[in-house]
Amino acid sequence: MLAVTGLTSGLLLTAPQPASAANLIKNAGFETAGTDGMPYCWEKSGWGDNDFTFEHTSDAHTGSRAMKVTLTRRVDGDRKALITESAQCAPTVTPGKQYDLSLWYKSTTPDTAVTLFRHDATAGWQYWTDLKTLQTAAAWTEASVRTPEVPAGTDRITWGVSVYGTGSATTDDYTMEQVPDVLPPAACTGTAEECANGRWDVLPTQNPVRSMHSVVLNNGKVLLIAGSGNSEEQFEAGTFTSAVYDPANGSYKVVPTPKDMFCAGHVQLQDGRVLVMSGNKAYPVVGGHGYEGFKDSYIFDPATETYSKTNDMNDGHWYPSATVMGNGDVLSFGGLREDSTGSVTAELFSQEEQRWQPLWKVNQTWSYWGLYPSMILMQDGRLFYSGSHVFGNNIPGTGAAIYDYDANSTTQIPGLQNKDQRDQSASVLLPPAQDQKVLTLGGGNIDSNPDAGRLTDVIDLKQPNPSYVAGPPIPQGTVDLGNGKVPQTGSQGKMYVSAVLLPDGKVLETGGALHNRADPVFESSLYDPDTGTFDPVAADPQARGYHSSSFLLPDGRVMSTGDNPGNGTWNHNVSIYTPPYLLKGTRPTITSVIDTEWNYGDTQRITVDRPIAKAELIRPAAVTHSSDPNQRFVDLPLSVDGNNVDLNVTSNPNLAPPGWYMLFGVDANGVPSVAKWVHLQGPAALSADTPSTFSVSDGTTAAPHVHTFADDLTGKVTGPGKKRTSQKVSPTVSGCDRHYGSVNVCVPTAFPAKVRATAAARCAWLKANDYGRLEVNGKDDPLRLDPNRDGVACGKGDVTKSRRLS
């Protein structure tokens, strides 16, 4: 971890300085000498393998002294002069307030960043964030930046300039001032209930396709992919559909779809086109194979609204992951092969070559990651498998892991509660991405079909040896068990969870069901990463279970679509959630974006019509089956000059992988602007063994400031296993017994525990869930729903006896 020195026992909470204080920094110009060759109230800090010097130099901006930090050799790490971490020197701050920081500098390296630490009254000193990259400057240059709101529990901060490339940075004349409050209290523009909990509206026009994949495009429209829509009839007819929804006018355009993209993977490429990988080659055959995934891959172009074929993947992948990396490449894992066994083949789509790479070019562990494994990109380029997945049990071990593609190794991560009941849970990288915290919530298990749970877990990937810790339980709502809505009781929670990052920095969790494709749960809440708490809000009136998805629109609302119960029906109604922040009065407006083409480490100017407290990039959704591992919220520290706001873009592509982003400005009341679209370009021609460098606006070459988080893992480490073809997977992996009804009907292999093991009880449950007539496929009746053997399950003659079934 970042090694900081000078910790003292005198870290006492004192009264915060008023906003009128001119400068909160002591010895801001380094004029007063201290100990160890450092100025008074300043200390040496840094980490890693590098050669360095600290010099209290006479080359000053004003006065007679400045501070110079030089790196002459670097393998990794950084060096920085920080305000001393003590009650005597570190400025006192007030939680919820923001502070303007400024300094003068000269630098011979572009590899510099303004870095902040904060003192938590309970946890002590800890890294907070990087705010700004400083470009090379031969003459004295002023740099300024505004902090985010100070987190709860923080009483002091310290900061300075990190040098993480060979060269030097000389700094002088630091200032720190509290930002005054300038916004009046918000005025509610709806009913009191709406202003507290938001509002759901069911749109008058239904979704024309049975979409289970939702991708927000860089023009603000939404690609809704159905393929066969979990309908064997449409599959046999070759009827594969997608639609493009335009939120601006509420219209849908059905577009030709070349193959059955039902249960494919997808992600936006750097240029905004959508990469779609695999899909459904075949539905299950009773007594034969299960679902099969094909090798085909396609690209959808938002400009033409058409699909075009790419080269094939190396293997079939029905239900694959898709994670975009910091260089624009896409890594994919898991899913079912063309023979319905589990794929152990990792796939890599090259951004540079625009094609899937041959097997010999892709690192392989020959591990089976399951179906839709949630693989989240970390700030150092590793992948965090959160434990969220689809169908049945989790992977062997602890249920969560860090995968290092370059080292081709996997390290188990502890702490995930009930790891085998996280089927169709949701996992999100919490706002902001710089904090490197992941929330996992809800889930169940379709193999055993218990009541879905309320568990949540949070992990801080900045820790040297990160581990999940239990979060607050998901609030309970109502559940429809077949006879209308009733309050949830006991430990009842939900699976099929949707989690959406909102521009005010909170997370909306919504939708879900209590059991395998049955018993919808009506509950929504807002999770606040700052307080670690849920706030129940208005619930979507529509059932949103299996094959539902929810996602953020550029106007700040949330769209929810789909629901596919086990009886094979489909909910075509679309709901729109208006969060409370849109009912707090006038929204700020981004009146201009000077440049929509952004580079890493840049400073980009926008203008606004009134003050904003923060700005961020939110990556547009590409969500299916509760899974969108690429969803992220990237903070953009501000430098404010009236209505002109300079935004400081992260230097690290792993925090914000290249592509199109929604840019929001948010005022002090948490009210967001309508998003503007900006294009964050990736570094050119990177490979796994090439340093991540990129050009900045002054022509120099900069590198991302990467920290050594999660650098002391103690979990079990495994390298590549023996090369193999596949992982054996049961044909009933989807939790459905195909001996009854059509293939798009899912009679559960395991009924909920409340259902007695009798034909009468099971048939009553199926009737309550509107399964209708169920013909028996073949001679087998594994669930014993046709005791009179007339070929129809749950007929009148089948439920007269209630003997217990084996």
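This report walks through a predicted model, from annotated spans to strands, salt bridges and cavities.

## Annotated spans

In an unreviewed entry, UniProt lists residues 242-568 as "domain: Glyoxal oxidase N-terminal". This span is 0% helix and 35% strand. Its end C-alpha atoms lie 19 Å apart.

UniProt, again in an unreviewed entry, lists residues 587-679 as "domain: Galactose oxidase-like Early set". Here the figures are 0% helix and 46% strand. The end C-alpha atoms of residues 587-679 are 24 Å apart.

## A buried strand and its partners

Start with strand S13, residues 222-227. Six of its six residues are buried, so the rest of the structure largely encloses S13. Both faces are covered. On one side sit Val222, Leu224 and Ala226. On the other sit Leu223, Ile225 and Gly227. All of these are buried.

Strands of a sheet pair through backbone hydrogen bonds, and the pairing can be parallel or antiparallel. S13 pairs with strand S12 (residues 213-216) through four bridges, and the two run antiparallel. Look for His213, which stands opposite Ile225 in S13. The hairpin of S12 and S13 has five residues between the strands. In that hairpin, Gly220 takes a positive phi near 90 degrees. S13 also pairs with strand S14 (residues 241-246), in the antiparallel sense, over five bridges. Here Leu223 has Val244 in S14 as its bridge partner.

## A four-stranded open sheet

Another place to look is an open sheet of four strands. The order is S31-S32-S33-S34, and the pairing is antiparallel. Which strands stand at the edges? They are S31 (426-429) and S34 (469-470). Each has a single partner strand, so one side of each has no neighbour in the sheet.

S31 pairs with strand S32 (residues 437-441). The two are antiparallel and share four bridges. One of the contacts puts Ala426 with its bridge partner Leu441 in S32.

## Salt bridges

Side chains of opposite charge can pair when their charged atoms come close. How many salt bridges does the structure hold? The count is 32.

Take Arg382 and Asp380 as one example. Their closest N and O atoms are 2.8 Å apart. Arg382 counts as buried because its relative accessibility is 13%, under the 20% cut-off. Asp380 is at 26%, so it counts as partly exposed.

Lys754 and Asp519 form another salt bridge, with closest N and O atoms 3.9 Å apart. This pair links distant parts of the chain, 235 residues apart. Lys754 is in the loop between strand S61 (747-748) and helix H3 (759-768). Asp519 is in strand S40 (residues 518-522). Asp519 counts as buried, at 0% relative accessibility.

Asp646 and Arg605 also form a salt bridge, and their closest N and O atoms are 2.8 Å apart. Asp646 lies in strand S53 (residues 644-648) and Arg605 in strand S48 (residues 603-608), so the pair ties together parts that are 41 residues apart in sequence. Asp646 is buried, with a relative accessible area of 18%. Arg605 is partly exposed, at 33%. Salt bridges can also share partners: Lys259, Asp296, Lys309 and Asp312 are joined into one network in this way.

## Cavities

The structure holds eight cavities of 30 Å³ or more.

Which strand gives the most to the lining of the largest cavity? Strand S7 (residues 124-133) does, with six residues. By class, this lining has seven nonpolar, eleven polar and three charged residues.

Definitions and conventions
Residues numbered from 1 in each chain as written. Predicted model: local features only at pLDDT ≥ 70, side-chain atom pairs only at ≥ 80, totals over all residues. Heavy atoms only, no water. Salt bridge = Lys/Arg side-chain N within 4 Å of Asp/Glu carboxyl O. Buried < 20%, exposed > 50% of the residue type's maximum accessible area, 1.4 Å probe, protein only. 1 Å grid on protein atoms, 1.4 Å probe; cavity = no way out; pocket = protein on both sides within 12 Å on 5 of 7 lines; lining within 4 Å. Points joined across faces, edges and corners; volume = space filled by probe spheres on them. Nonpolar A, V, L, I, M, F, W, Y, C, P; charged D, E, K, R; others polar. UniProt positions renumbered as here; feature names shortened; annotations may be inferred. Pairing = 2+ DSSP bridges.
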